[in-house]
Amino acid sequence: MKETHVLLDHGSGGRATHELVQHVFARFLSNPYLDAMNDSAVMHVPGHRLAFTTDAYVVDPIIFPGGNIGSLAVHGTINDLAMSGAQPIYLTAAFILEEGLEILLLETIVQSMAEAARDAGVAVVAGDTKVVPKGKGDKIFITTSGVGIVAPGVSVQGQNARPGDMVLINGTIGDHGTAILCTREGLSMEGDIRSDSAALHTLTAAVLSRCPQVHVFRDPTRGGVATTLNEIARQSRVGIRLFEEALPIEEDVAGACEILGLDPLYMANEGKVLVVLPREEAEKALQTMRSHPLGRKAALIGEVIEDHPGRVVLQTRIGGNRILDMLRGEPLPRIC
């Protein structure tokens, strides 16, 4: 790691983030749970397997089409648990508030958190509040932690992808990142570009109930689908071929990204899950997702291959191949 100071790129979820995690956090805090580098740690306690996770939310703007920082914090932590195949049960929340934040705005955010937690069937059971002087923060930052239960026999981890597996996604790509960018920059686009922020645990539970051999769940948040598939390819030491013609991307999102010079494959998502599972289970999983409200636009978008271990290859519409690397640089900071 050559940088001597933290850069915005270190929060992108891409290559710089991975280097920071490996060279600083994992270097000093290494243990078997952390070293697995999954969205949540699965631990054995008497009678149960628990999944435990924590995340921080610094999104700008704090209110955006399709949600706000409060609902996003609940959905994001629930999803980190769901990506381990866990059923979320409890959350905690810590707030860092900047002096001068309007109480009515704070109430709107907390009410949104409450509604998101109630809809998901989880309880926020503890919390903390700190206030920093005006100019020392940016309105509000939220940190949420969560605990969930992993059913016996469920083993869903980034290291489990195998050649011959298929790659599915439950819907359109890049909606959240594009909605944040358009709102932040005051860009008026045709159509209705909204964040896809949602809690995915009922969808992943439905897939697991019909396809218990799921190898990997992973939500493509920061760094988007391209970076997340690179993470899976590296963890499992396999290659992943992505089919460009099968990628579900809304026309409005594709158009906005084209105008702004961005690639939807690197834009963040907050209500999407990548599913990697054996080929013979793919059609059943696809039907299950399409019967769920959060999976109506589910698609089979790729396959796991022996070639190109640790890399992601995009098979283009004209039959060519293009390497999709991890995100480099930070096109859009503070996305979640």
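Start at helix H1 (residues 15-29), which gives the nonpolar patch its largest share, 4 residues. Helices here are DSSP runs of H or I with at least four residues, strands are E runs of at least two, and both are numbered from the N terminus.

This is a predicted model: local features need pLDDT of at least 70, side-chain atom pairs count only at pLDDT 80 or more, and totals for chains, interfaces and linings use all residues. Residues are numbered from 1 along each chain as its sequence is written, and side-chain values use heavy atoms, with hydrogens and water left out.

**Stop 1: the surface patch**

Select Met 1, Val 24, Phe 25, Phe 28, Leu 29 and Leu 34. Together they make a nonpolar surface patch of about 570 Å². Patch residues have over 30% relative accessible area and no salt bridge, and nonpolar side chains (Val, Leu, Ile, Met, Phe, Trp, Tyr) are joined within 5 Å. A salt bridge is a side-chain nitrogen of Lys or Arg within 4 Å of a carboxyl oxygen of Asp or Glu. Areas come from the Shrake-Rupley method with a 1.4 Å probe.

Now pick Leu 34, in helix H2 (residues 32-35). Leu 34 is partly exposed, at 35% relative accessible area. Buried means under 20%, exposed over 50%, partly exposed in between.

**Stop 2: the core**

Go to Ile 69, Val 74, Ile 78, Phe 95, Ile 140 and Ile 142. These have the most contacts inside the largest nonpolar core, which has 37 residues. Such a core is a set of buried Ala, Val, Leu, Ile, Met, Phe, Trp, Tyr and Cys residues joined through side-chain atoms within 4.5 Å. Colour H3 (69-82), S5 (86-98), H4 (103-120), S7 (140-150), H5 (175-184) and H8 (251-260): each supplies at least two core residues. H4 gives the largest share, 6 residues.

Zoom in on Ile 78. Leaving out residues up to four places away in sequence, Ile 78 touches Pro 88, Leu 91, Ala 120, Val 122, Ala 199 and His 201. Contact means heavy atoms within 4.5 Å.

**Stop 3: the strands around S7**

Show S5 and S7. They run antiparallel, joined by 11 bridges. Leu 97 stands opposite Ile 140 in S7. Thr 54 has Ser 145 in S7 as its bridge partner. Strands pair if DSSP finds at least two bridges between them.

**Stop 4: Gly 320**

Finish in the loop between S13 (312-315) and S14 (321-324), where Gly 320 is found. Gly 320 is partly exposed, at 26% relative accessibility.

Methods: Buried means under 20% relative accessible area, exposed over 50%, partly exposed in between (1.4 Å probe, protein chains only). Patches are made of residues with over 30% relative accessible area and no salt bridge: like charges are joined within 9 Å, nonpolar side chains (Val, Leu, Ile, Met, Phe, Trp, Tyr) within 5 Å.
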